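Keep the viewer open as you read.

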Amino acid sequence: MEPNSEIDQQTDTKPKNWDISRRKMIKMLGGATAAGLAVGYLPKALRAEPVSESAADLAAATSPESAERLRQWMMIIDLRYCDGCQSQGTPPQCTEACNMGHFVPKPMQWIEVYEHEMSRDVGEIKALDSATAPPVEGTKFMPTPCMQCQNAPCVNVCPVGATWTTPEGITLIDQDRCIGCRMCMAACPYERRSFTWGNPPTSPASDFVTHSVEHQLPIKKGVVYKCDFCPEMARAGRMPFCASSCPQNAIYYGDLEEDLASNGQEVVRVSEFLSEHSAFRHKEELRTRPRVYYIDGHGELAGRDPKTEGTMPVRWNIDIKDGSKNWERSS
Amino acid sequence: MTYSTETLEQATVESMQRFSKRYLASVAVLLVLVIAGAVAYVHQLQDGLYVTGMRDRITWGLYITLFVFFIGASMGGTFVSAALRLADMGWRAPISRGAEYITVSALLTASLFIFADMGHPERAINIMLFGRWESPLVWDVYGLTTYLAGSMVYLYLAVLPDLALVRDRIGHRLDPIRRLFVIMFSASWTGHPKQVKALDTSLKVMTVVIVPVAVMMHTVTSWIFGMTLREPWDSPMFGIYFVVGAVYSGVGLIVVFMYIMRRMNHMEAFLTERHFLNMGKLLAGAGGVMIFFQISDLVTAGFKLKGESALNLYQLADGDMAPIFWTYIWVGLMIPLALMLLPFTRNIWGVLIASVLANVGMMLERYFIVVGGLRLPLNPYEPPDYTPTFTELTIVVGLCSLFILLLLIMMKLAPAISVQEMVETGEIEAVQVDAKGVVA
């Protein structure tokens, strides 16, 4: 076999055949049409739509076409009143109530209270540059639920549309569709997402709940969970666990569309309240447009001295299912 | 010994029939490791990713590191076989077959690493059913499948005449499985001018197609990281940085494979020092560009020291990631470049050592990009730690063994050196010059 020499001998002796029979032409046209249709249909077929039953019901109930008023749930956290429950001598009550109420498996905290140092930027840590750090000027507590971003980075990166923002402005997760790739956890700039690394240690009581994307129960292995903003409870006229359990009434929950929010004690007009106290949103420069607003402070209205550091770990008293696996945070 | 087409055909075809003790022993060891990895994976499926060292905060670990590494290895294979074919470099002829093997098996291994990392691998089909074009992960999945299909077609086109050669020469003496394989895939190739022309045209088209696809693939892989709001990954340079790193480690991996193939199949006559030195030049070139990127990245971030990128620099230069970072800079970049520049290390051993070091370095680089990026706290808490567990390491070793095993199997399925390309490029005459002791 000497293909080399054969190439040299090979010359174009025959003119190119451009005659196309009718049969071939029709075939080609048909093929092109089919391809065109397929290309047109593909984006629709691949579009993220909630499929699981509860997600579909939710989509129907909250679609813009439905006759009812479309709520725009939001939250205001007044940090002037938040003392990290130091005055109570207990771990943060919002986290505890949320964990109990939602049967959150152990190392997860859907609302986590972080202790920020006031002299430095949010997100900067002692450990990395403790030698060169300026003197500590006191701390403040910051309860951090899911921010319910309106331009949510987690929604933007999810490959299967398992997380999406509802017309009510809440970002939910469909754990029946989640493939467990954890791309959303890498994308979330607030680190508000948690993964069930093993068989989750939850209370047996949660097994009797029918699954819904709005309360995410029962908790499953190998998927992502986060704060769901309690839309089901809100529709029933109840406050979320974190808001109703706050001893200082620092957490307001309300509706942007109706312009009202409440902490259980008083009702405020959201637009006025926010501008009066120059409220801010966490990491506003990222333009994620969260639905959680903060009023800056360090618990001064609850009588806290910012130099008092430290908060206690969250207490756990849910009875845990047999055979479940508990896992610790890697920090 | 004369170096004619005849002797080359003889040598390549014969090497397919020879199963040395060392070859069989390596296959056996690798098989054991692959099975161990499979057992560990079943364990992981049962208990969840609980068995790995990953937890909330550091949510990606060795699996994603190795995924990025193997995508890079495949990029190097395409670069050597297709880009050098485009540039009409004759000396690639004895290397290109091995490079194509590496591309295909590295891509297969990389996709398995994705499965290893998923919480619900059985739902992978959801990406096809409900995929959202907005997600960089969907780009990656479609990119990977396109690239895998493309490189398989490319490999097949290149190997087709050689399969026919095997069929004609030793087809009747092969074991039934390989005989069937060779007869089926050589597809009645006779070397007829029409066939030669058709194949030549298809190969040209595939060569032009596969190079941008390979570049796209690695850019998209970098975008899995680059599209997030994490500061160390937030760089427009990330795509090109990944591509050059991929060429660097890929070229190195091919050199290692070349060396093993040369020893195992006794191809010293056709894979000469000149080929190693040329690969060494490519390696030094890619390494030089890597150093240039590293410096421009460090200087622009280090001069301003703003926000989280400052924290990232601290953890790389002085913090917990420092041993890995500095090993990468010195052992992974500087020493290989020095080995290629110094005249007395410019030989086969020098190139081989530089290649191994380059690969070690690039694996470390992928590690501190993935883990170091996730390690930076976005909320006030102490930076978390990540230590791979035994199960995790077993799965990683199992999949890496699978990569080598695939290469060893492919080596015996078709001639390890492309006879057709050697003749076409005139490289067969060039190795005769090498034999007389004239090294370019």
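**Cavities, a surface patch and the backbone**

Strand E2 (112–117) and helix H6 (183–187) of chain A each contribute at least two residues to the lining of the largest cavity. Helices (H or I, at least four residues) and strands (E, at least two) are DSSP runs, numbered from the N terminus. The model is a predicted one, in which local features need pLDDT of at least 70 and side-chain atom pairs count only at pLDDT 80 or more, while totals for chains, interfaces and linings use all residues. Residues are numbered from 1 along each chain as its sequence is written, chains are lettered from A and ligands numbered from 1 in the order in which they are written, and side-chain values use heavy atoms, with hydrogens and water left out.

Let's stay with the cavities. A cavity here is a set of points, on a 1 Å grid over the protein atoms alone, where a 1.4 Å probe fits but cannot get out; lining residues have an atom within 4 Å of a point. Searching the whole structure turns up 9 cavities of 30 Å³ or more, and the largest holds about 120 Å³ of space. Of the 14 residues lining the largest cavity, A:Met185, A:Glu191, A:Arg193, B:Asp56 and B:Arg57 are the closest to its centre.

Now look at the surface of chain B. B:Val29, B:Leu33 and B:Val397 make up a nonpolar patch there, with about 230 Å² of accessible area together. Such patches join nonpolar side chains (Val, Leu, Ile, Met, Phe, Trp, Tyr) within 5 Å, from residues with over 30% relative accessible area and no salt bridge (a side-chain nitrogen of Lys or Arg within 4 Å of a carboxyl oxygen of Asp or Glu). Areas come from the Shrake-Rupley method with a 1.4 Å probe. B:Leu33 sits in helix H2 (residues 21–47) of chain B.

Finally, follow the backbone of chain A. A:Leu217 and A:Pro218 are joined by a cis peptide bond, with omega about -10 degrees. A:Lys283, in the loop between helix H9 (270–276) and strand E11 (292–295) of chain A, has a positive phi of about 50 degrees although it is not a glycine. A:Lys283 counts as buried because its relative accessible area is 12% (buried is under 20%, exposed over 50%, partly exposed in between, with a 1.4 Å probe and protein chains only).

Conventions: 1 Å grid on protein atoms, 1.4 Å probe; cavity = no way out; pocket = protein on both sides within 12 Å on 5 of 7 lines; lining within 4 Å. Points joined across faces, edges and corners; volume = space filled by probe spheres on them. Patch = residues over 30% accessible without salt bridge, like charges linked within 9 Å, V, L, I, M, F, W, Y side chains within 5 Å.
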